Amino acid sequence: MASEAVTKGQAGPWADEQIELLERMLLIRHAEARLAQTAKDVGLPGGVHLSIGQEASAVGVCSCLDVDDWMTSTHRGHGHFLAKGGEVDSMFAEIWGKSSGICKGMGGSMHVADFSRGIIGANGIVGGGLAIATGAALAAQLDGKGRAAVCFFGDGAANQGVFMESMNVSSIWKLPTIFVCENNGLSEFTVSSTVTAGKLSDRARAFGMPVEVVDGNDVRAVRSAAKAAVERCRRGEGPSYIETVTYRIHGHLEAEDLILAGGSYRTAAEIDAWRAEDRDPVSRFRALLAEEGICGADRFAELDQRAKEKVDAAVTFAEAGEPADTKLVFELMFVEPKA
Amino acid sequence: MTRKRYTQAINEALHEEMGRDPKTILFGEDVALAVFGDTRGLLDRFGPDRVRNTPICEATIAGMAVGAAAAGYRVIIHMLFSNFIYTGFDAIANQMAKLRLMTGGQIDLPITVLAVYGGGASQAAQHSDSNHPVLMNLGGIDVLVPATPGDAKGMLKTAIRNNRPSFFLQASGLGAVGGDVPDGEHLVPLGKASVAREGRDVTLVNVGSMIRATQNAAKKLAEAGIEAEIVDVRSLVPLDETTIVESVQRTGRLVVIDEARDMCSAASQIAAVVADKGFSALRAPIRRVTVNNVSMPYAPNAEAAIFPNADDIVRAATALCQPEVAAA
Ligand SMILES: Cc1ncc(C[n+]2csc(CCOP(=O)(O)OP(=O)(O)O)c2C)c(N)n1
């Protein structure tokens, strides 16, 4: 559903596209809700960073991409992975540490990647994707096939120097890089405004690229900004910056309360406000589609059920997988195991 | 003497040293709410002039440490996971390690860098490095790897108080481990290893995080009639060669246990020192129990297979104590 011209209506290609957007968001929501539940009930290995509340940003952007466009993600990367077409089965198996995982259990939640779908991967290093996306954009430019490279990063990552360096190179070389800053106002346990000067979007403006700051919980707004940026990439007109203003509902990671030991960096009221039906990206889009007659209650229940079933199947798939293959560690690092 | 967790011991040292010298300042990402609990309460007590949450910008955090120290402050920075040292590495390797030399000794850099290292919790490759060898190789920077809460407090206080740049590396697996911590003024000299257990048959040199595996191995070895001496190295730069070599002179055998990758590990350095200075005492080859030259995989089973454990140590030590090995 990359860039075809469509007319709005209750049925037809445009309506189908809206349903697809909703389905993707539902899949991400249910997948992550399930991860939260599993982390709580039986535990998952390592740290689990969820993007619940930010689904519209991932889906709005990735819905404009083709399978061979590139995308780099963050430590909060499940939504990006699924939005770009990654499979929930192999993502769950990865998080469960199984050899059927998309990275064979070697990377886990913070490193899900699927190069066959242009998903360069999540990253444990804040800001780690910025230069990598810029490099992929260089390759795309050299290929000359009009591909784009999207870089998702947080408002916290925007304070890393590499953000400025990557924008500069992208701009000066007219690379097809799309910088997508998911501004959720938080950097781990710090409120970003206490450590960030000026407006992030002004940083992008300084490098002479088009800037759009959008309501990141409005999937259509995100999609239309992304569409313009992707078209610029296709035409060889260089990088763009999109800021999706959003909020993460869950903690920085699922074990957050343990780490905070009674401390806090935000209020329950703030979380509730973003959780409200008219602000939550999923329920908001659902209401809109109902109002427009595109997706009534029955249809929604059906879509919702289908997403849940996919997630159930993914859990079954993950649980049934073989443990990771230790020999692979050596092979992948060019090492003969020590006797 | 009070029983405290390793993290609490660090917290106590930070409180005491910041209380002692008003020119001591501390900054880093999330030091207010304290991701690892070690910096908890400092902001409330010493205020936002001296304790600051920084943006996510390791290159600048490390660079500012150099600048503020050169300009007269005693600086403590927190780099969170030791993997994030890499994003701040220019200021560490090109500036912090070299400035004193390059400026002909015009300045001291009283900087203490806190970071948490090591694997074992499925944090995957970018949050599990034991990268003390990278730092040891720079020169000009102390590298401290205390293994007990008491040493954590005493060594951190010494490191903050002296005028040398140092890395105080906390093993992620030891944070919750308890131990006796002397109250108040407790300074442990740097560059002094400690003999944590006496034994006549084999020397086990522990590097930081491996202390529990090393202790468990010594117990298992004792059950099999092999008495291991544990030398806890405590500090890698400066390295207490004397205590290590003297122990090997008593036992004739050496196993070094280090969570770093084997290539150019602390274990290789210690093995080289003993080959050099304790050669005549050796009755068997030196063994290193380390991580293979691989990054930590995420899957718990794969990580456990890579991670050195007590059985690996027992196997290595037992083999050295076989008569034919000794004779060979
Ligand atoms: C180089 C580096 N520094 C610090 C961290 C620790 N850390 C992980 S996530 C995070 C906050 C990131 O904030 P932001 O970029 O806004 O993303 P968000 O978590 O809000 O999605 C920090 C400080 C890290 N993983 N990598």
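These legends describe close-up views of a predicted model.

**View 1. Helices α1 and α7 of chain B pack side by side.** Helix α1(B) covers residues 6-20, and helix α7(B) covers residues 149-161. Their axes come within 8 Å and cross at roughly 30°. That angle makes α1(B) roughly parallel to α7(B), because angles under 35 degrees count as such. The crossing is right-handed. From α1(B), the contact takes in B:Tyr6, B:Ala9, B:Ile10, B:Glu12, B:Ala13, B:Leu14, B:Glu16, B:Glu17 and B:Arg20. They meet B:Pro149, B:Ala152, B:Lys153, B:Leu156, B:Lys157, B:Ile160 and B:Arg161 of α7(B). By class, this contact has 9 nonpolar and 7 charged residues, with no polar ones.

**View 2. Helix α1 of chain B also crosses helix α2.** Helix α2(B) spans residues 42-50. The axes of α1(B) and α2(B) come within 11 Å and cross at roughly 50°. That makes α1(B) oblique to α2(B). The crossing is left-handed. On the α1(B) side are B:Leu14, B:His15, B:Met18 and B:Gly19. On the α2(B) side are B:Leu42, B:Arg45, B:Phe46 and B:Arg50. The contact of α1(B) with α2(B) counts 4 nonpolar, 2 polar and 2 charged residues. B:Leu14 is listed in this contact and also among the α1(B) residues that meet α7(B).

**View 3. Helices α3 and α4 of chain B pack at an angle of about 30°.** Helix α3(B) is formed by residues 58-70, and helix α4(B) by residues 89-96. Their axes lie 7 Å apart. The two helices are therefore roughly parallel to each other. B:Ala59, B:Ala62, B:Gly63 and B:Val66 make the contact from α3(B). B:Ala91, B:Ile92, B:Gln95 and B:Met96 make it from α4(B). The contact residues divide into 6 nonpolar and 2 polar, with no charged residue.

**View 4. The largest cavity is lined by residues of chain B.** A search of the whole structure finds 3 cavities of 30 Å³ or more. The largest holds about 60 Å³ of space. Its lining includes B:Ser128, B:Asp129 and B:Ser130. B:Glu259, B:Ala260 and B:Arg261 also line it, as do B:Val291, B:Val294, B:Ser295 and B:Met296. Strand β13(B), residues 254-261, gives the largest share of the lining, 3 residues. By class, the lining has 4 nonpolar, 3 polar and 3 charged residues.

**View 5. A cis peptide bond joins B:Val237 and B:Pro238.** Omega is about -5° at this bond. B:Pro238 lies in a loop of chain B. That loop runs between β12 (235-237) and α9 (241-251).

**View 6. B:Leu80 has a positive phi.** Its phi is near 55°, in a residue other than glycine. B:Leu80 lies in strand β4 of chain B. This strand covers residues 74-81.

**View 7. A:Trp70 and its contacts in chain A.** A:Trp70 is placed in strand β1(A), which covers residues 70-72. Neighbours within four places in sequence are left aside here. A:Trp70 is then in contact with A:Phe115, A:Gly118, A:Ile120 and A:Ala136, among others. The contacts also include A:Arg147, A:Ala148, A:Ala149 and A:Val150. A:Leu21 is 49 residues from A:Trp70 along the chain. The C-alpha atoms of A:Trp70 and A:Leu21 are separated by 19 Å.

Technical notes: Residues numbered from 1 in each chain as written. Chains lettered and ligands numbered in written order. Predicted model: local features only at pLDDT ≥ 70, side-chain atom pairs only at ≥ 80, totals over all residues. Heavy atoms only, no water. Axes fitted to C-alpha atoms, helices over the stretch in contact; angles between N-to-C directions. Helix = DSSP H or I, 4+ residues; strand = E, 2+ residues; numbered from the N terminus. Parallel < 35°, antiparallel > 145°, perpendicular 65-115°, else oblique. Left-handed = near helix turned anticlockwise from the far one by under 90°. Contact = heavy atoms within 4.5 Å. Nonpolar A, V, L, I, M, F, W, Y, C, P; charged D, E, K, R; others polar. 1 Å grid on protein atoms, 1.4 Å probe; cavity = no way out; pocket = protein on both sides within 12 Å on 5 of 7 lines; lining within 4 Å. Points joined across faces, edges and corners; volume = space filled by probe spheres on them.
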